[in-house]
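Please examine the structure before reading each solution.

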Amino acid sequence: MISISKFLPYGKQCIDQEDIDAVTKVLSEDFITQGPKITEFEEEIANYVGAKYGVAFNSGTSALHGAYFALGLEKGDEMITTPNTFVATANAGLYLGAKVNFCDVEKQTGNIDASKLEVSKNTKLIAPVHYSGNPVNLKEIADIAEDNNAKIIEDGAHALGAKYDGKKIGSLKYSEMAMFSFHPVKHITTGEGGIIVTNDEEYYERLQLFRSHGITKNNLVNPRDGDWYYEMQHLGFNYRITDIQCALGLSQLKKLDSFVENRRKIAEKYDEMFEDNPYFDVVKENPDGESAYHLYPILLKEKYANHKKEIFSKLRSEGLGVQVHYIPVYLQPYYQNLGFNKGLCPVDEEFYKRELSIPMYPTLTDEDLEFVQEKLYKIFSEY
């Protein structure tokens, strides 16, 4: 068995003593779930991105499910998203009985290509993903959505702290809602968790209902039996997040701007290091935005893309925790059983063939970056 003295994952959480103390403190308080830390966290995230409301969930996936429900997505409706995403973006539509369609991506960014959007009279939702933290061209998508009476929910799982058109992702200039994820590899973490931000009070209320079994004590249908009375008005789920998680999230949020700043500095250094290298290209930042660099994807040149499987394994054995983001959603067996076939989005399939994600997180040092370059060039030079 090969012993690796150093291993750099593609991403990881950054936890300090302040975070630990925040979690420990809430454990000694009255509420560890359904308490005040949740509301505080929701308000702070909404304020940070410039939205009116936030509703926190126990994962980004459940948050998307809630957002699609709040919008009214249901059987007979259609939605469009990108195949270059984690399956949750599309799955949340299937949960509600909607038909999911996929739009191909831009060759250089991996983001949904607005020029290829095919919207039908049944399209209720467009769900663009800010892949790697690099903003999509929201204005173009919004123009198409408005012309076709469709709505936009942004999957910003990668994009907390990113900007588009001078405003933070989540400010909702072009969309109804946006989702952010707090998985450990994201910009801040609550362990697992997600949030939906919106400016619409009706969406806000429906999101709150949905994450808690569809139960409410307000706006009752039947006469109130007593102060204990509640009603289940929708078929909701237990998607609640805890005060423990939100205490961690609030502590992490204080460091978010520095985390994003460090990620952007690391990306700038990578850009300089890899300029004109013979092995791979790098993803270019949207000129109308600022990427939050959740990922730093590289795109293998054709000669090396043909050896991606071996290159991936060799890099891992050398201590470089590369990953692939993503297998096109419609190539998953479940989606192929729904009738999707290879060749649907050829640009994304080519992107998948070429893409590797290399280490990107705020605590990477210059020495780490040199290690990344050394290992990449060592393995690529073998081909």
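**Exercise 1.** Identify which residues form one aromatic cluster in this predicted model.

Solution. The cluster consists of Tyr270, Phe274, Tyr279, Phe280, Tyr293, Tyr296, Tyr304, Tyr377 and Phe380.

**Exercise 2.** Classify the pair formed by the rings of Phe69 and Phe210, and locate both residues.

Solution. The structure holds 26 aromatic pairs. In this one, the ring centres of Phe69 and Phe210 are 4.4 Å apart and the planes meet at 20°. Planes under 30 degrees apart count as stacked, so the pair of Phe69 and Phe210 is stacked. Phe69 belongs to helix α3 (residues 60–71) and Phe210 to helix α6 (residues 201–210), so that the pair links parts of the chain 141 residues apart. Both Phe69 and Phe210 are buried.

**Exercise 3.** Classify the pair formed by Tyr334 and Tyr335, and determine whether each residue is buried or exposed.

Solution. The ring centres of Tyr334 and Tyr335 lie 6.1 Å apart, with the planes at 75°. Angles over 60 degrees count as edge-to-face, therefore the pair of Tyr334 and Tyr335 is edge-to-face. Tyr334 has 55% relative accessibility and therefore counts as exposed. Tyr335, at 2%, counts as buried.

**Exercise 4.** Describe the setting of Tyr230.

Solution. Tyr230 lies in the loop between β10 (215–216) and β11 (231–232). Its relative accessibility is 48%, so Tyr230 counts as partly exposed. Together with Ile215, Met232 and Leu235, Tyr230 forms a nonpolar surface patch with about 440 Å² of accessible area.

Note on methods. Residues numbered from 1 in each chain as written. Predicted model: local features only at pLDDT ≥ 70, side-chain atom pairs only at ≥ 80, totals over all residues. Heavy atoms only, no water. Patch = residues over 30% accessible without salt bridge, like charges linked within 9 Å, V, L, I, M, F, W, Y side chains within 5 Å. Areas by Shrake-Rupley, 256 points an atom, 1.4 Å probe, with all protein chains shown as cover. Salt bridge = Lys/Arg side-chain N within 4 Å of Asp/Glu carboxyl O. Helix = DSSP H or I, 4+ residues; strand = E, 2+ residues; numbered from the N terminus. Buried < 20%, exposed > 50% of the residue type's maximum accessible area, 1.4 Å probe, protein only. Phe/Tyr/Trp six-rings, centres within 6.5 Å; stacked < 30°, edge-to-face > 60°.
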